[in-house]
Each structure stands twice: as C-alpha cells, then as structure tokens.
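Please keep the structure open as you read.

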Amino acid sequence: MKKYFSFLLLFVVSSVSAQSSDLQIFGYFQGYYNYFSKYNIEIPINPYLNNGSSIKTIKSEAKNSFLSQQLNLFLKKDFSGSYGEFTTFVNLELTSNYSSDNFWGAFNLQEAWLKYAYSDAFNVKFGAMIPTFNNLNEIKNRTPLLSYMFRPLVYETYVNGIISSEDFIPEQAFMQIYGKTDLTESVEFNYSAFVGNAEKSYVAQELSGIVLPGLDTSKFKSVGARVGLKFNDIKIGFSATYDRDNKNSIFNQSPLNSTNASGYYYAPLSGDLPRIRLGADLSFNIGKFTFESEFIVVKYTLADNQKSYLSNYREDIQHALVNTAGTIQQLSGAIVANPSDPANSVKILQLSQLTPFAEELANYVNQTSLVGKELDKLFYYAMLGYNVTDDLQVYGMYCYLQDKFDVRLEDKLDFYSIGATWAPLPTVSIKGQYSHQNIKVRNYNLNALLLGFSVYF
Amino acid sequence: MKSLFFIVILFVFGLLVNSNAQVVVIANKSVPESVINKSKLEDIYKLSTNKWKNGDKIVVFDLKTEGKTRTAFYGFMGKSPDELKKTWMRLQLTGEGNAPKSLSSEYEIVDMVASTNGAIGYVSADKVNANVKVLLTIK
C-alpha cells in the first residue's frame with residue numbers, strides 16, 4: 001500500500017511540475033492549374049493478342065484542370081516535466097479537391113506521433129510518421145518548403161499509376177530514433193533509424209475475423225536508417241532500408257501456378273521478395289545558388305528459379321493465353337464441324353474447364369501486361385536553383401528513372417523541368433513550372449504546365 | 001537663442017549617436033554563458049541548438065519590424081530574415097521546433113528576455129538595462 005502511495009505521490013509531484021505549451025494549430029495548402037499534353041506510349045505485346053501487331057499503343061488525350069492539391073492541418077503541443085521534454089504532433093491531410101459529398105480526393109491521418117527529446121543527440125518518436133530517408137522524404141508533402149509543384153518523380157503522387165512511390169522510398173514508420181552531435185565547431189553528424197509495418201500491400205484492406213483493416217497481416221517489418229554530415233549549409237547523407245516487396249500475385253497466385261492446361265506450368269514460388277533500398281543525398285546553398293540531389297537504387301534478392309520465372313513471366317503468360325485460346329478454338333471448331341461425334345461430350349467438358357481458365361488468364365495478362373524481366377530500379381535527380389532576389393527563385397531540374405519491373409520504364413525515363421517561385425511574403429509562394437518527360441524506346445513524350453500557389457498559415 | 005542652439009546641437013548629436021548605436025545580443029541572467037561567438041549564435045537562431053550548456057531550454061526572440069538593429073543583426077549572421085524564416089518554417093512543419101516569437105519593439109525584447117529563463121534576443125546597445133546580460137556586441 002505504501003508503495004502505491006509513493007508511486008501516486010511521485011505521479012502527482014511530476015504532474016504538478018509538468019508544463020505544457022499552448023496547443024498550436026497551423027497548416028498550409030496548395031492549389032494549382034495543370035495542363036498535361038496528349039501522349040502515346042508503345043508497349044510490346046504478343047501479336048496474337050493484338051490483331052497481329054507486336055506493338056500496343058496506349059493513348060491519352062490532353063487534360064487540364066484546377067486542383068486543390070492538398071490542405072494539411074497540424075496540431076502540436078510541447079510538454080516538459082521532470083522526465084524530460086515531449087512533443088505531440090498530428091498531421092491531417094486532405095488531397096485532390098477533397099469532398100466526401102462527391103467522393104473526391106482523400107482524407108488521411110498522415111502523422112500522429114509522440115516525441116521524447118532526451119538531448120540533441122537522442123530523440124525518439126512513436127506513432128505514425130514519415131521516416132527519414134534521404135533529404136526529401138520527410139518534407140515531400142510540405143509544399144511551402146518546395147519550389148516545385150511537380151516533385152521529383154518517385155515523390156510525386158501524380159504519377160502513382162506508373163511509378164509507385166513505395167517501390168523507391170519508405171512511406172510510413174512507427175518508431176524512429178534520431179539525433180545529432182557536433183564533430184567539430186562546423187561539422188555536425190546526424191543519424192536516424194526507424195522501424196515500421198511492411199509495405200501497404202501486406203496491410204489488410206477489409207475486416208477479416210479479428211484482423212482489422214489497416215493492420216499489417218505479414219510477419220515482415222520495414223527497417224531503415226540514415227547517417228549524414230552537415231557542414232555549414234552543405235548536407236550529405238546515406239540511407240538504407242530493408243523490407244519485403246509483395247509480388248505474390250505473380251510468383252504464386254498466377255494461373256501459371258495452378259494448372260498445366262495451357263501447356264505452361266510453374267510450381268508456386270515465394271513472392272515475398274527481400275528488398276533493399278539504398279539512397280544518397282547532397283544539398284547545399286552557396287551564395288545565390290541552391291542545389292539538391294538524390295540517388296536511390298533498389299535491389300532485390302532472388303533465387304535462380306525466381307529470376308528465371310520472372311524473366312519469362314510476361315511472354316509465358318501471354319503464350320499461355322494464346323495456347324488456351326487456340327485450344328478452345330480447335331475444340332469449338334471440331335464440335336461445329338462434326339456435331340454428331342460421340343467424343344464431343346469430352347470436348348464440351350474440356351471447353352467448360354478451359355473457358356473460365358482463359359478468362360482468368362486474360363485478366364492476368366491485362367493486369368500484368370507491363371511486367372518486366374527484372375525488379376531492380378534506379379532513380380536520381382538534381383535541382384539547381386538561383387535566387388534572383390530574396391523573393392524570387394528560378395530553377396531547373398532533371399530526373400532519371402529506370403524500373404526494370406515495368407516494360408514502360410525498363411529502359412529509362414527522362415524528366416526535365418524548369419520553373420520559378422515568387423514569394424511576396426515568406427508564407428505565400430506563387431509558383432510556375434513546365435516539365436517534359438520522355439521514354440525514347442516507347443515513343444512517349446509528355447509536356448506538363450502547372451501554375452499555382454502555396455500558403456502557410 | 002544660445003540655449004536653443006545648444007539644444008539643437010545636442011539633439012543632432014543624440015541622433016548621430018543613436019544612428020550608430022551598436023547592436024548587442026542579450027540574454028536572461030539565468031543563462032550560464034557570459035559570451036557567445038558568431039557560430040553559436042547562428043546555431044541558436046537556426047534553432048539547431050536549443051539548449052544552453054546547463055541544459056536549460058533556449059528561448060529565442062526576434063524583432064518583428066525592419067530597422068537598423070534588425071538589419072545589423074542579420075547582416076552580422078550573413079543570413080537574410082527570409083532565409084531564416086524558411087529554416088524556421090521547415091522545423092515548424094516537421095514538428096521539430098517552434099519559430100521564435102517576434103516582438104514589435106526592442107523595449108519589449110529587453111523586457112521579455114529579462115523575464116524569461118534561458119531567453120536570448122538582440123537590441124541596440126542603448127536599450128540594454130541591468131536586468132539582462134550582454135553576450136556579444138556586434139560592431
């Protein structure tokens with residue numbers, strides 16, 4: 001009893017001595033007008049599935065729209081007491097003309113964490129957070145801090161249909177330790193390390209038994225770290241993550257793994273692929289120039305049978321469909337040619353099994369029509385800005401992207417951008433940006449123009 | 001007439017003295033440091049250092065309005081006010097810090113520094129009183 005009393009007393013004393021700041025509410029929003037030119041993209045395909053042509057052309061018409069790209073609201077409160085200093089931080093994000101009435105956009109709890117600051121050299125955060133990886137990841141959504149609107153490709157949600165950000169950068173963590181210390185008077189060393197759930201595809205989408213939507217259903221977790229040096233306004237860092245990429249739909253849930261009806265059969269393989277993302281970043285401000293750059297390479301560890309399966313996958317599944325369709329055609333033809341043949345009942349039974357299989361294959365061919373021969377990826381970008389005045393910056397940016405898992409991107413995608421940002425107030429930025437993307441081997445060219453503003457309040 | 005002339009001379013002299021007044025970095029008397037160098041001052045105003053050597057939290061004050069004192073201070077640090085505001089904005093938006101409180105007058109800064117533990121600010125030398133300590137004089 002005495003022990004409980006002492007504990008209670010300690011709690012009361014620490015509560016009394018605790019102090020807290022006012023609750024801070026702040027945020028920002030960005031809106032713009034965008035124009036995207038029309039484009040074609042040519043992808044190779046089995047000629048039997050494309051009216052005899054080995055190239056399938058995907059076309060898109062020019063588009064333009066006004067967009068309230070995002071509104072972020074932050075709640076922040078600092079606490080301090082005899083146990084040290086704590087900060088709690090909540091980031092609510094509404095994106096893409098959000099309207100629940102019209103089913104537009106999304107409303108996300110982007111971040112909600114509690115930080116304990118022991119010293120400059122050691123801090124720890126718990127909760128939903130965007131982990132540190134390279135220089136840009138943590139601030140990729142903080143539009144008032146960015147000169148550009150169309151961000152370096154792997155950070156840009158606009159291209160989510162083509163490039164999955166999560167394939168290149170970690171998007172969420174649950175715990176992170178970080179800190180910094182001076183090595184000399186002008187050189188600072190900083191570090192961070194995080195752990196979080198596996199990638200989104202492992203997270204439950206719907207209620208199933210006791211598994212709630214949003215829970216990680218896998219036994220895998222993501223881990224990562226960054227170490228960096230800062231010398232005056234020059235920052236350099238190296239980052240790495242380790243996790244699993246969920247490719248089960250290809251390696252063990254494909255029609256190629258279920259039956260030999262098409263003449264193509266592979267025993268199911270593990271689709272939980274070990275993945276390492278390695279990053280490096282360099283940024284500096286010298287005089288009127290601002291420079292930022294990042295390099296990301298994504299490496300997978302595959303066994304020989306996994307490599308061989310993947311390198312043939314796209315052709316095999318297309319051939320499987322061609323074979324199955326051919327068999328169906330033969331059987332149907334034979335039945336029509338000789339309707340009174342007693343063997344027709346067997347053929348009809350075969351047809352009844354092959355037809356749904358062909359449909360399943362066709363679905364898979366559509367879903368996986370872009371699967372490349374390997375998984376490794378490479379991305380880098382560099383941006384050079386020039387501050388014409390304190391309020392006006394002009395910049396140019398180049399991005400290079402290669403994703404061998406996507407036939408559109410297995411060669412390379414080049415992205416060029418120029419733009420200007422004028423800040424009549426430190427909290428208001430008016431932005432303009434023109435960008436051009438091209439993939440030479442796929443005959444793809446896209447021009448984009450964005451005009452917008454960002455406000456911090 | 002003579003006394004009027006004398007008053008005018010005094011006034012003009014006073015203006016001259018005032019216009020050349022040095023800017024000083026002041027701190028609350030609880031702050032253990034008695035001097036500060038430019039590099040440390042930059043770290044404090046960039047919010048990359050947030051504790052004094054005794055572990056007390058550093059509370060930074062800034063001048064809201066443009067003027068000779070503010071210009072001299074930022075000139076000494078080699079940063080523009082907008083540059084520092086961007087740094088503060090980044091820290092604020094990532095939850096890693098709070099932008100310094102900006103006050104309207106130098107007298108307010110002296111009062112707030114004098115009454116806030118661990119506080120630091122800058123004012124012209126002629127505004128300093130005995131309730132604060134001077135860590136650095138910007139010439």
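Which residue takes a positive phi in the hairpin of β6(A) and β7(A)? That residue is F103(A), with a phi near 60°, and the hairpin has four residues between its strands.

## Ground rules

This is a predicted model, in which local features need pLDDT of at least 70 and side-chain atom pairs count only at pLDDT 80 or more, while totals for chains, interfaces and linings use all residues. Residues are numbered from 1 along each chain as its sequence is written, and chains are lettered from A and ligands numbered from 1 in the order in which they are written. Helices (H or I, at least four residues) and strands (E, at least two) are DSSP runs, numbered from the N terminus.

## Strands of chain A

β6 (residues 84–99) has antiparallel neighbours in β5 (residues 63–81) and β7 (residues 104–119). Twelve bridges link β5(A) with β6(A), and twelve join β6(A) to β7(A); strands pair if DSSP finds at least two bridges between them.

Two residues connect β5(A) to β6(A) in a hairpin. Along β6(A), F86(A) is the bridge partner of F79(A), and F89(A) stands opposite W113(A) of β7(A).

## Where the chains touch
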